[in-house]
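Please read this briefing alongside the sequence and the model.

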Amino acid sequence: MLQIGDEVVYFSAVFLLVALGTRSATGASLLTAFLYVFMVMFRFPAVPGDQAGRVLRPRSPSGGVLVVAHRGGSHDAPENTLAAIREASRNGATGVELDLSFTADGVPVLMHDETVDRTTNGSGPVSKLQLVKLKRLDAAACHRLKDRFSGEKVPTLQEAVDECIRHQLTIFFNVKDQPDKAAAVLHEMYKKFPVLYNSSIVSSFEPKVIYKMRQTDPNVVTALIHRPWRLSRFGDGTSRSLSTSGQLWMGVLDVLLDWAHHHILWKLCGVSAIFMQKDFISQDYVQYWAERGVEVVGWTVNTAVEKHYYQNLLKIGYITDSLLEDCDPHY
């Protein structure tokens with residue numbers, strides 16, 4: 001829960017900013033009061049701490065630190081496939097991160113990109129392909145180990161969940177868009193497999209996705225994914241905009257978004273975790289969220305040195321592309 005001290009600071013800051021901008025104490029008071037009432041009425045409480053702990057702090061070979069295979073472990077096997085899930089389990093992962101997408105006929109499947117071009121021998125948007133056509137594609141065609149995994153298929157969401165439950169893996173569902181459809185499909189999956197309430201988490205960069213998921217099923221453990229400067233820069237740090245004015249405007253929006261994640265959105269959605277890009281995590285950052293009852297998980301942690309830091313110093317979970325060796329990050 002948001003601490004009393006936090007509430008005083010945040011709403012005092014809002015009042016002062018509005019008062020300075022409008023030069024109206026009455027207007028600032030009314031707007032601040034409205035925002036406070038809105039937060040009280042429409043925010044979701046986080047799931048119980050013991051339930052979140054079973055998802056985010058399970059017993060594991062790594063001494064209690066959650067080790068999650070990114071997209072199933074995209075360096076060790078074709079991403080978002082059943083083969084990747086099996087490899088992740090064999091290589092010692094405690095969980096797998098899987099990306100949700102939908103076919104033209106509305107079937108939930110695993111796919112990170114909007115198109116199948118990068119990971120299969122096909123082309124075109126996932127949303128334009130029916131499941132029967134998607135199943136004909138080779139999901140290993142573009143992987144570095146394509147000879148070993150030749151013929152691997154794009155799995156449906158249910159096939160992937162079945163495989164994860166069979167291997168007792170924690171599932172990190174990553175939802176990029178379509179909040180209504182995703183929340184409805186995942187809710188049905190949780191009803192069909194109640195074990196998921198204690199062995200999975202729904203995450204997204206988009207707060208509206210998490211809010212809709214909590215609205216649909218308040219018993220699901222959820223997380224917001226965040227990377228500072230996401231609007232103005234790509235994952236490798238290069239600018240998204242060529243114009244100076246565009247870069248400046250996106251930078252301002254980035255500052256506002258970052259502030260909102262750390263002071264409003266997490267509380268409004270009632271999340272149990274923040275998935276933060278690894279370069280922005282420190283002991284102080286972990287402590288900041290621990291004081292608020294929120295776990296921090298780092299991504300994407302791909303070197304032995306980084307993994308040692310997370311396991312032995314930060315003592316928090318992390319998401320990695322490989323359980324076997326150092327590799328370049330996938331953005």
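Buried here means under 20% relative accessible area, exposed over 50%, and partly exposed in between, with a 1.4 Å probe and protein chains only. The model is predicted, so local features need pLDDT of at least 70 and side-chain atom pairs count only at pLDDT 80 or more, while totals for chains, interfaces and linings use all residues. Residues are numbered from 1 along each chain as its sequence is written, and side-chain values use heavy atoms, with hydrogens and water left out.

**Cysteines**
- Cysteine 269 is buried, at a relative accessible area of 1%, and cysteine 327 also counts as buried, at 12%.
- A search of the whole structure finds zero disulfides (pairs of cysteine sulfur atoms within 2.5 Å).
- For cysteine 327, the closest cysteine sulfur is that of cysteine 142, which at 18 Å is too far for a bond.

**Helix H6 with helix H7**
- The axes of H6 (residues 157-166) and H7 (residues 179-192) come within 12 Å and cross at roughly 40°, the axes being lines fitted to C-alpha atoms over the stretch in contact, with angles from 0 to 180 degrees between N-to-C directions.
- Helices are DSSP runs (H or I, at least four residues), numbered from the N terminus.
- The contact (heavy atoms within 4.5 Å) is made by Leu157, Gln158 and Val161 of H6 and by Val185, Leu186, Met189 and Lys192 of H7.

**Helix H4 with helix H6**
- The axes of H4 (residues 82-90) and H6 come within 10 Å and cross at roughly 15°.
- H4 and H6 are therefore roughly parallel, a term for angles under 35 degrees, whereas those over 145 count as roughly antiparallel, 65 to 115 as roughly perpendicular and the rest as oblique.
- Leu82, Ile85 and Arg86 in H4 meet Glu159, Ala160, Glu163 and Cys164 in H6.

Methods. Helices (H or I, at least four residues) and strands (E, at least two) are DSSP runs, numbered from the N terminus.
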